[in-house]
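Here are my notes on this one, jotted down as I went through it.

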Amino acid sequence: MTPEVLIYTDGACRGNPGPGGWGAVLLFGAHEREIWGGEAQTTNNRMELTAAIEALSALKRPCRVELHTDSQYLRNGISEWLHLWKARGWRTMTKGAVKNEDLWRRLDEARLRHQVDWRWVRGHAGHELNERADALARRGLTELLKET
């Protein structure tokens, strides 16, 4: 049977662009894993995408995943826009370049190993697991800033 994994992701940025962090909480049965990281010069959207990429990439085998994000950009991008961008040769409806194409391509590849149900959750609304993902994203940012 394919495992069921619950994932909550978030990104954070100080300035936009500026230093940023990403975080994710992964739950599989009684097992929990927290992952986080940061980048010196980035945007909030890039950190949201990175959190999802890193979370899906952390899974050791194909899984059924329920991935929660408070980013409309991430959820709409993966659920509505991605297939259109690919059909247009990675161009927007106005024939412009897709912002963050490098990360969208990585996310597209990472999700193909899994069956992912993309869910949106309101950020900063007291949802325990979303708040944990947010804290991990801020931890990634804080640890990055300590290193520099």
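1. Let me start with helix 1, which is mostly covered: 11 of its 15 residues are buried. Keep in mind throughout that this is a predicted model. The buried set in helix 1 is Arg46, Met47, Glu48, Leu49, Thr50, Ala51, Ala52, Ile53, Ala55, Leu56 and Ala58. Note that Arg46 and Glu48 are on that list of buried residues, so have a look at their side chains, since buried here takes under 20% relative accessible area.

2. On geometry, helix 1 covers residues 44–58 and reaches 21 Å from its first C-alpha to its last. That is close to the 21 Å expected for its 15 residues at 1.5 Å a residue.

3. Next, helix 3. With 12 residues, helix 3 reaches 17 Å between its first and last C-alpha, close to the expected 16 Å. Its buried residues are Leu103, Trp104, Leu107, Asp108 and Ala110. Looking down the axis of helix 3, these buried residues fall within an arc of 170 degrees, so they line one face of the helix.

4. What does the other side of helix 3 carry, on the face turned away from its buried side? The exposed residues there are Glu109 and Leu112. Leucine 112 has a relative accessible area of 60%, and therefore counts as exposed. In space, leucine 112 is 31 Å from alanine 125, C-alpha to C-alpha, although the two are 13 residues apart in sequence.

5. Now the aromatics. How many aromatic pairs does a search of the whole structure find? It finds 4. One of them joins tyrosine 73 and tryptophan 104, with 5.4 Å between the ring centres and 65 degrees between the planes, which makes the pair edge-to-face. This pair links distant parts of the chain: tyrosine 73 sits in helix 2 (residues 72–87) and tryptophan 104 in helix 3 (residues 101–112), 31 residues apart. Both tyrosine 73 and tryptophan 104 are buried. Ring pairs also tie Tyr73, Trp81, Trp85 and Trp104 into a cluster, so I'd display those four side chains together, given that rings pair if their centres lie within 6.5 Å.

6. The bond from asparagine 16 to proline 17 is cis, with omega near 20 degrees. Proline 17 lies in the loop between strand 1 (4–13) and strand 2.

7. On to the largest pocket, which holds about 260 Å³ of space. It is lined by 13 residues, and the closest to its centre are Val5, Phe28, Ala58, Leu59 and Lys60. Strand 2 (18–28) and strand 3 (31–42) are the elements that give two or more residues to the lining. By type, the lining of the largest pocket divides into 8 nonpolar, 1 polar and 4 charged residues.

8. Ala58 is among the buried residues of helix 1. Valine 5 is found in strand 1, and it counts as buried because its relative accessible area is 7%. From valine 5 to methionine 47 is 21 Å in space, C-alpha to C-alpha, and 42 residues in sequence.

9. Last, an exposed loop residue. Where is arginine 122? It lies in the loop between strand 5 (115–120) and helix 4 (128–147). Arginine 122 counts as exposed because its relative accessibility is 54%. Arginine 122 and valine 65 are 57 residues apart in sequence and 19 Å apart in space, C-alpha to C-alpha.

Notes:
Residues numbered from 1 in each chain as written. Predicted model: local features only at pLDDT ≥ 70, side-chain atom pairs only at ≥ 80, totals over all residues. Heavy atoms only, no water. Phe/Tyr/Trp six-rings, centres within 6.5 Å; stacked < 30°, edge-to-face > 60°. Helix = DSSP H or I, 4+ residues; strand = E, 2+ residues; numbered from the N terminus. Buried < 20%, exposed > 50% of the residue type's maximum accessible area, 1.4 Å probe, protein only. 1 Å grid on protein atoms, 1.4 Å probe; cavity = no way out; pocket = protein on both sides within 12 Å on 5 of 7 lines; lining within 4 Å. Points joined across faces, edges and corners; volume = space filled by probe spheres on them. Nonpolar A, V, L, I, M, F, W, Y, C, P; charged D, E, K, R; others polar. Expected span 1.5 Å × (residues − 1). Arc of directions from axis to C-beta.
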